[in-house]
Amino acid sequence: MTEDTIETMSPDTGEQPGQPEGSVGTAYLAMIGFPVGAHRWYLRHATAGIIYVVTFALLALARFVFRERVETGFAPIWTVAVILVAVQLLLDAQAIPRWVRQRDRSVPLPAPLLLLLGALATIILLPLLLDGLGAVLSTLFGGNTRVGRQVGTVIITLVGVPAVLVGYIVLMEHTTWHFTEVWQRRVRPWLWLAPALLFLYTFLVYPTYGTIRRSLYDQAGTSFIGLDNYEWFFNSPETLTALRNNVLWLVVFTALTVIGGLIVATLFDRVRYESFAKTIVFVPMAISFVAASVVWRFMYVWNFPPSPQTGTINAIIVALGGEPIDFVRAPGLNNFALIVVAAWVWVGFCMVILSAGIKSIDRELMEAARVDGATEWQVFRRIMLPLLAPTLAVVTTTMLIFALKTFDIVYAMTSGNFDTNVIALEMWNQFSFNQYGRASAVAVVLLAAIIPVMAYNIRQFRRQEEIR
Amino acid sequence: MDLSKHGLRRFWRLLALISVLALLVAACGGNGGGTTTTAGGTTTSGATDTTEPGSSTTTGEGEEIGGVVTVIGTWGGAEEEAFLAMVAPFEERTGVDVQYTGTRDINTVLSAGVQSGILPDVAGLPGPGQMAEWARQGALIDLKTVLDYETYVAETSPAFVELGTVDDQLVGVFIKSAIKGLIWYNPNVWTGGDLDSWDEVVAAAEAHEGADAGWCIGLESGAASGWPGTDWIEDFVIRQSGPEVYDAWYQGQHPWTSPEIRQAFEAYGEAVANSFGGSQYALATAFGDAAQPMFTDPPGCLFHHQASFMAGEFFPNYPSSPQPGEDFDFFIMPTINPDFQGALTGAGDLFGMFHDTPQARALMQWLVTAEAQQIWVDRGGAISGNTMVTEYPDPVSQKSAEALATSEVFRFDASDLMPEAMNSAFWQAVLDYTQNPGQLDAILQRLDEVQADAYGG
C-alpha cells in the first residue's frame, strides 16, 4: 500500500494528490492494526457493536459527502479502513448473543475502538479542520489564505501531535490492563515501541529499500536492468576519479584530524591555558562546511601575479619571496587543499573526544612510570596510547565515515572540477542529470562502504561504555 | 552543589521542552506544507480563493483577483530587483502577491520538485533541454490555453516561439534574452572600431597593440564554471560549420571528435594562448570580472568575448565605472565562413507554469507583454523577448536588440539545449582543455562517450 501512495505522487496534472494525509493515515492504521488483532476479548460487548455500526454508517456517509476529496489520495486507506471495520463488525455480531446472556457491563469503553475512531476521525477531519481554521485565520491575516492555512496547520499540529501521542500511550496502557500479567509484560514493550518502529520504518528502512530497488532500474525507473548502474559506476572515469579521491580523503583527512587532535589534546593537557587553547581549536566546529569553504576560498585566492595577492596564504608566500600558487586548481595539490579545510573544521572534535579519553586515564599509572624513570615519550607511547586505543578507534572510525560522506567542501570550493570529485558529489551530479538509477547506485555503494565502519564504530563505542 | 544540580536539572527540562517544540514545528512544517497545498488545489472553501481553478479561461489584466503566486527563479541581486520591479505594477493592479525565491541551484530544486510534486506555481526554467524533459513528463502546463497565443506569436521572434514549444505545446516563454558572441572592446584602447571579418580580429588580437594580450577570458562561475568557454566554442561552430552541424551537434547526432568540433576547440585554444594571464587567469577569474584588465592602465587585453548582459550587470560595477559607448563598445563576432553569413547565438530566460491557478495565469499573461518587459529593459542589460519593445536605454543595448532583430540565422546556446549530463561534461571539458591543451584528443573522446550515454534516456 505504501507503494501505491508513492505512485500517486507523480504530478500528472500538476496538482498534488493527498500524499501527506495518506502517510498520516497509514501511520494511524499501522498503530491500530496490532491492538485490533490482539484484542478480541473486547468485542464481546454490545456497546462496541452499536458504536461500530454507527461508525460504519458515518464513514459511508462521509465517503459519500466528501467523495471528490476522498477518491484521489485516500482510496487505499479507505479500503483498509472499511475492511477493518467490517471485520470488527463480524466479530461483534458473534459476540452480541454472549453479551446478552452474561450482562457484563463492568468493562469501560473499548480502548482500541476509541483509537480507531480517533484515527479515522482525524483522517477525515484533518483537511476539513485545516480548511476551516485556515479560512477563519486568513481573514485575520488580511485575506492571505496561504498564511492563514499555514498558521492553522501549526496550531492543529501543535495541539494534535501531542494529543495523539499522549492519547496513544494512555490508550495502550488502558488496553494492557485487561491482559494477564504475563501477557502485559510481553505486549507492553511492543506497544510502546510501535510508533518508534513505525518512524524507523518510514524514514530509514523504506527509503533504503527504495534506493536499492531504484538502483536496479533504468533512468526512467520503469524497466529492470540488473546491475548495469553498478557496472557504470565501476567503469566511468568520473566515478573512478571520485573513488580515488575518496580514498585520498579516507587516508589523509583521517590522519590529519586524528593525529592533529591527539597532538593538541596531549600537548595542551594540564597546561595553564588549556581551556583557552582548546576553545580556539574547537571554534571552527561551530562553522558550517559551506561557510568554512567560503572562508578558505578567500585564504586560497590566487591573483594573476602582477596584481597583489589578496589571498592570505599566497600573500604570505609572496612576502617570503615565493611564487603564488592557485591552490584550488593546481592538479594534485588541490585535493590536499580541500582536505586541509575539512581537517581544520574537524580537528577540534577529535581533540575534545581524545582529551576526555586522556583525562579518564588514571594519573597514578603515569606517575608510577615516571618514578620508575620512563621518559615522557615512553609514558606517551607505552602507557597513554594503549589506554587510549578504544577512544582512538571510535574517533578514527567517526572520521572515516565523515571522509566517505564528504560533499559540502568539494561542492562549495571546486564543484568537483579539476579532478577533485568525490562519491557523494557524484551522487548529487547524477541526481541533477535526472539519472536517479545511477544516483541510487552511487548511494548504495556509499552505504555499503560506510556500514562496516559504522558497525565497528558502534561496537567499539559500546565496549568503551561497558568499561566505564 | 545542590543548588547547581537543581539548576542543571531545570536546564535539561527546559532543553527537552524546547527540542520537543522544535520537533513539533519541524513536523508540522513538513506535513502542513503538503497538506495545505492539497487543500488549496481541490477545494473552494478558502476565504478569498473562491475562483475554481481552471474554470476561468482568461483573466483580464486589470481584474482584482488577490491571492498569491509563488515564483522560483535564478535571479539574485540586481536581477532580482529588476524582476520585482517588473511585477510591481502587476501586483498593484491585480492585488496578487508575487512571492519570489531566487536560487542558484534551480535545476536541482525543480528536478526534485517534479519528482515530489512540491513545485512553485511559476518558475524560471534552467534551459530548453530541461524544459523539454519536464514537458514530456507532463509537469508543465500548456501556455496556449493561458496566453492569447496569436498575439504571443505575432509579438515574439519565431526562434523563441519554437524554442518554447515541445510536442506542439507552448510550455516556455522568454522574459528576456541576451545575444552571445559579442566582442567587447575599450574604444580608448582599440581604436579600429568594428571589424567585419574574423581574420582581422585574429590579426588585431595577435598584434594586441597597446595591450598586454589579445583577449580577456574568465571561466569561473561556481558550479557552472566553464560555461563562458562553451559559448566561445558554440560561436565558432555556428560560424565555421553552419546551423546544420550546430543543430546535429547539440541534438547528439554529430560527434565531438569530428573535425568541425575539434576545429572550434582549437580556435578557442588559440584565444586562450593569446589571453591575459593565460589559462591560469582564465580558470581562476570569475566570468564577470574577467574583462577588468581591459580598463586598467596599461590595458591588459584588447578584446573580451561575452554576451550582451555584460553592459548591464558587470561593466557598470567595475572600479573605473566605464560608460557605455565611451569606455566600452562591442561588435558582433564576425562571419568566419562566408556560407553562413550573419549567424548569431543567444540565450534567454525561460518561464514556465507548474500550477494552473488564476494568479499564475494572470502573472504569465503580464510577463509576456511589451509593457512588462520594457521595465526590465529600461534597467539596462536585457533584450526583450517581445519584438514590440523597441526603446532601449543606451546605445549598446540598442545595438544588441537590432542585431537580434536582423539576424539571419539565430540559434539558442547549444550547451543549454543539451541534456544536463552533456552540458555538465562540456563545461568540464572546457576547463580541462584550458588547463591541459595537449589532451584535446582524450577530452573529445570522453565527450563522445558522454554523448552516447546522455541522449539515450
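Two strands count as paired if DSSP finds at least two bridges between them, and the strands themselves, like the helices, are DSSP runs numbered from the N terminus (H or I over at least four residues for helices, E over at least two for strands). The model is predicted: local features need pLDDT of at least 70 and side-chain atom pairs count only at pLDDT 80 or more, whereas totals for chains, interfaces and linings use all residues. Residues are numbered from 1 along each chain as its sequence is written, while chains are lettered from A and ligands numbered from 1 in the order in which they are written.

In chain B, four strands form an open sheet with mixed pairing, in the order β8-β9-β7-β10. Its edge strands, each pairing on one side only, are β8 (213-216) and β10 (329-332) of chain B. Strand β9 (residues 301-306) of chain B pairs with β8(B) in the parallel sense over three bridges; B:H304 in β9(B) stands opposite B:C216.

Chain B also contains a helix pair. The axes of α8 (residues 227-250) and α16 (residues 420-435) of chain B come within 8 Å and cross at roughly 90 degrees, where axes are lines fitted to C-alpha atoms, for helices over the stretch in contact, and angles run from 0 to 180 degrees between N-to-C directions. α8(B) and α16(B) are therefore roughly perpendicular to each other, the term covering 65 to 115 degrees.

Chain A has 18 helices and zero strands. Of its 468 residues, 35% are buried, that is, with 20 or more other C-beta atoms, placed from the backbone, within 10 Å of their own.

Notes: Buried ≥ 20, exposed ≤ 12 C-beta atoms within 10 Å, placed from the backbone. Parallel < 35°, antiparallel > 145°, perpendicular 65-115°, else oblique.
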